[in-house]
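Please read it alongside the sequence and the model.

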Amino acid sequence: MYGVHDWAEVHRLAVAGKTTTDIAEALGMSRNTVTRLRALSSPPAYERPSPGSLLDPHKDTIAALLDDDAEAPATAIIEHLRRDGYRGGITILKGYLATVRPQFLAAKHYQRTTYLPGEIGQFDWWHTGLAVPVGKGRCREAMGLVGSLPHSAGHAVVYTFSRTTADFCTGFAGCLSRLGGTPDKAVFDNDTSIVASRTGGKVRLHSEVDALLGHFGIQAVVLRPRTPESKGQVERLISYLQTSFIPLRSFDDLTDLQAQSDAWNLEVAQRRHLRRLGATVGEALAVERSFLHALPAEAPDLYARLEVRVSKDSFVRVAGADYSVPPGYAGRRVSVRLSLWEVVVFCDHQRIAAHRRSYVPADVVIDPAHARALRLAREAKARLERSDVEMPTVDLSVYDTVVTP
């Protein structure tokens, strides 16, 4: 059974212009399998976990050896593993090296200071330190996902209030939209919003991230921990944003922060003249955009999906706030679609409530229609408990009319 990663790799190679035969040879699949995966508009729902191997106890050692020399041959590596008690064969080792070695070679490669246009993008989270109002007298720190194209020094930032996988997916798609296309590869930190697990050099991305990269046809390069120099361009860019954009500014809310940031990028950051470019950042970015892949015509689905239970008083708790639903759903399990701006509630595939998302801690968001219906339901329940139910007066004369011949 093929999983999310296989689907993402097939779509990435297809975006790069590879034929079905080329993809099948590169990934070791049959042409029929490649055709089926290309035909899927979304990734497979499940991925079968790989079985354990004799290499599992030695993967950290392999990672350390590849850190020292990413091109070390399998014959040299197996000598070290034998001394550590490895009893498997070299064939298994070669197969594993084929999957993890590219990560180490790529990390070494991306420490360069020059890049081809459209070759890579670097992405990193930025702790802005900004306390942005979220309503009701409360503030929260804004986080920024920063995307940079090292060749042109063009950049984009999308702001959120947290660093979840859903926030990353929304920010990543927003950065690509602002940059005007997709690079061949994207370089990331070993961040928990992106990486589900890591064993030595073998990285497993969250399925949502893998699917999003497949949608855009981008290959991920996930750096090893504590190697910030491998994405020096975006690190320097964050320092530039902190010292040049933040000072002497105030923001009404997250929307205002995003609008001011986008405007400053166009009016200030892109007008910088860099000696290495021999032009402004905006002029270099315009050239690099011609090397980027076009954004897919169909936008990705960026909603996070949750399942929650409706409380006795007809509320659902989502991301630290309570949102009302119509009375009558108490105790039922409902599905929730969550974006940066919206909370939509469904029951049995029927939409029952929609609210603007609140970032106020412990907030209570009530639709006036839900409040009115809940009040009427409570009043009716109270009358029933008091046996105080209004009954219409019956006109008994109607029976005389019925029985009269």
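**Helix α8 and its surroundings**

The buried residues of α8 pack against α1 (4–15), α7 (165–179), β4 (185–188), β6 (202–205) and β7 (219–222). Helices (H or I, at least four residues) and strands (E, at least two) are DSSP runs, numbered from the N terminus. This is a predicted model, in which local features need pLDDT of at least 70 and side-chain atom pairs count only at pLDDT 80 or more, while totals for chains, interfaces and linings use all residues. Residues are numbered from 1 along each chain as its sequence is written, and side-chain values use heavy atoms, with hydrogens and water left out.

**Burial of α8**

- Helix α8 spans residues 207–216, and seven of its 10 residues are buried (under 20% relative accessible area, 1.4 Å probe, protein chains only).
- The buried residues are V209, D210, A211, L212, L213, G214 and F216.

**Packing of α1 on α8**

- The two helices α1 and α8 pack at about 20°, with their axes 7 Å apart; axes are lines fitted to C-alpha atoms over the stretch in contact, and angles run from 0 to 180 degrees between N-to-C directions.
- α1 and α8 are therefore roughly parallel to each other (angles under 35 degrees).
- The crossing of α1 past α8 is left-handed, meaning that the near helix is turned anticlockwise from the far one by less than a right angle.
- On the α1 side, V4, H5, W7, A8, H11, R12 and V15 meet S207, D210, A211, G214, H215 and F216 of α8, where contact means heavy atoms within 4.5 Å.
- The residues of this contact divide into six nonpolar, five polar and two charged.

**Nonpolar cores**

- The largest nonpolar core has 28 residues, and F168, F172, F188, L205 and L213 have the most contacts inside it; such a core is a set of buried Ala, Val, Leu, Ile, Met, Phe, Trp, Tyr and Cys residues joined through side-chain atoms within 4.5 Å.
- At least two residues of this core come from each of β1 (120–135), β2 (138–149), β3 (154–160), α7, β4, α8 and β7.
- α7 supplies the largest share, seven residues.
- Apart from neighbours within four places in sequence, F168 is in contact with W125, L145, F188, S193, I194 and V209.
- A second, separate core has 24 residues, including W126, V234, L254 and V360.

**Whole chain**

- The chain has 13 helices and 16 strands.
- Of its 405 residues, 43% count as buried.

Conventions. Buried means under 20% relative accessible area, exposed over 50%, partly exposed in between (1.4 Å probe, protein chains only). Angles under 35 degrees count as roughly parallel, over 145 as roughly antiparallel, 65 to 115 as roughly perpendicular and the rest as oblique. Ala, Val, Leu, Ile, Met, Phe, Trp, Tyr, Cys and Pro count as nonpolar, Asp, Glu, Lys and Arg as charged, and the others, Gly among them, as polar.
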